[in-house]
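Student: Could you help me look through this protein, one question at a time?

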Amino acid sequence: METGTISRLLQPTKVPSSSFANFTSSSSVCCSQKRLMPACHSSHGGREINSDEREITVLSSEPTLKKSSVVGGLSLHRPVHKRDVVGKTFCSVGLSTYPRSIVESSSQTAEEKIGVLLLNLGGPDTLHDVQPFLFNLFADPDIIRLPRLFRFLQRPLAQLISVLRAPKSKEGYAAIGGGSPLRKITDEQASALKMALDTKKVLANVYVAMRYWHPFTEEAVHRIKRDGITKLVVLPLYPQYSISTTGSSVRALQNIFKEDSYLSRLPVAVIESWYQRQGYIKSMANLIEQELHNFTKPEEVMIFFSAHGVPVSYVENAGDPYRDQMEECIFLIMKELKARRINNDHTLAYQSRVGPVQWLKPYTDEVLVELGQKGVKSLLAVPVSFVSEHIETLEEIDMEYKELALESGIENWGRVPALNCTSSFITDLADAVIEALPSTMAMSTSTGTEDPMQYFMKMLFGSLLAFVFLFSPKMVSAFKKNIL
């Protein structure tokens, strides 16, 4: 196959953008899959999902009513905006005090056991984990969205890409210490969130579920069942919604819940996105303001927002709201900065593109070169779609983009740290959880599994065709050129 053919294969199927329910519909779910993981962990395959959406009214601490959509039995809560509480950062360094927040909906009965499930991407703990981590990533049909006719190629394609990309990815992880810090930081955020909820008189267990590495979603769900949780709030650690992040993680959760009689009756609320929350906006503005003071002439610094990119086809063909939400998020952050009399110029670009398809523009690397050519001398990079330090901040931004910026004529470089466990941020997440509690609803109890023989035949047929198509000299050459 030529490169153009690969590009067409990676185009997403059409998903209407009228509601979040459509992002979890059968059009984006392929045949059952397995992740690479030790044999002791069970694997849950994807199935066709017929999402049922309706509207419910959720009372909040605001004077107005807030609506949430119910998708596949999950209540998708759009949290209200609450005031921010600015405090100290705490993350494995002790306790911080928070002011009491009176929320009528947070009262608990003696029998009620609240759980909060944090969703994140995950990352390899060691260099040995890099290739299987990449396989799990690219085997996700929300990362490489093949047309239905070609979905039997998902796993063979993921295997090929992961093998080809592993050496380069290992170099990146080696440069930041030999593995991803994401699990450690997310565990610390979970502990900080539990403390913040305790302070607000809401006793809750907080769990962590990673999409592509340990602790997998299945592991977290096992702990939720073991602890007898009676009400669950799902909080993706992605401020903006995307098919490939929150959408993928929620679908994985749905596939597990609908196969279990206990879990399918568990009241659940999913916080779909939270980029508009005042606590998040003000926490980001605080970090930017602090870093600007490190420059000799803060007023001359270009504020450079760098967000993780997604393929353009996700937005234009599949209705992904990510770009719109990202642009609104930048607008709100700059509005907050202007209210503080910080009127620096700013720009937004997208990083981390992979493969031969077109991704959201402008690209971070190209914009850095252009800014240097235009005479920009001072630049503050802001990783806006990341709330935790990981390879895309520590290696891609801090090393690759910094080097490119300095080579392009930018003389003064700074970078805003990720939010990590900043107390104002954690406090706002706690408020979001409390506001979502009244909207929890039981999931659908619909069940059904794919015929094992049909699955076997699909995989056998897919593997044979994959060998013919993927290992042809032209295909291998195209992947080396566009993916490595």
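Student: Which residues of α12 are buried?
Tutor: Keep in mind that this is a predicted model. A residue counts as buried when its relative accessible area is under 20%. In α12, the residues that count as buried are Ile391, Glu392, Thr393, Glu395, Glu396, Ile397, Tyr401 and Ala405.

Student: What covers the buried residues of α12?
Tutor: Both helices and strands take part. Among the helices are α3 (154-175) and α11 (364-373). The cover also includes the strands β8 (302-308), β9 (346-351), β10 (378-383) and β11 (412-415).

Student: Where does helix α12 bend?
Tutor: Helix α12 covers residues 391-407. Its bend is about 35°. Look for that bend at isoleucine 397.

Student: Which residue forms a salt bridge with arginine 277?
Tutor: Start in the loop between β7 (267-271) and α8 (278-292), where arginine 277 sits. Its partner lies 151 residues apart from it, in helix α13 (residues 423-436). The closest N and O atoms are 2.8 Å apart, and the partner is aspartate 428.

Student: Is aspartate 428 buried or exposed?
Tutor: The cut-off for buried is under 20% relative accessible area. Aspartate 428 has 3% relative accessibility, so the answer is buried.

Terms used
Residues are numbered from 1 along each chain as its sequence is written. This is a predicted model: local features need pLDDT of at least 70, side-chain atom pairs count only at pLDDT 80 or more; totals for chains, interfaces and linings use all residues. Side-chain values use heavy atoms; hydrogens and water are left out. The bend at a residue is the angle between axes fitted to the seven residues ending there and the seven starting there. Helices (H or I, at least four residues) and strands (E, at least two) are DSSP runs, numbered from the N terminus. Buried means under 20% relative accessible area, exposed over 50%, partly exposed in between (1.4 Å probe, protein chains only). Contact means heavy atoms within 4.5 Å. A salt bridge is a side-chain nitrogen of Lys or Arg within 4 Å of a carboxyl oxygen of Asp or Glu.
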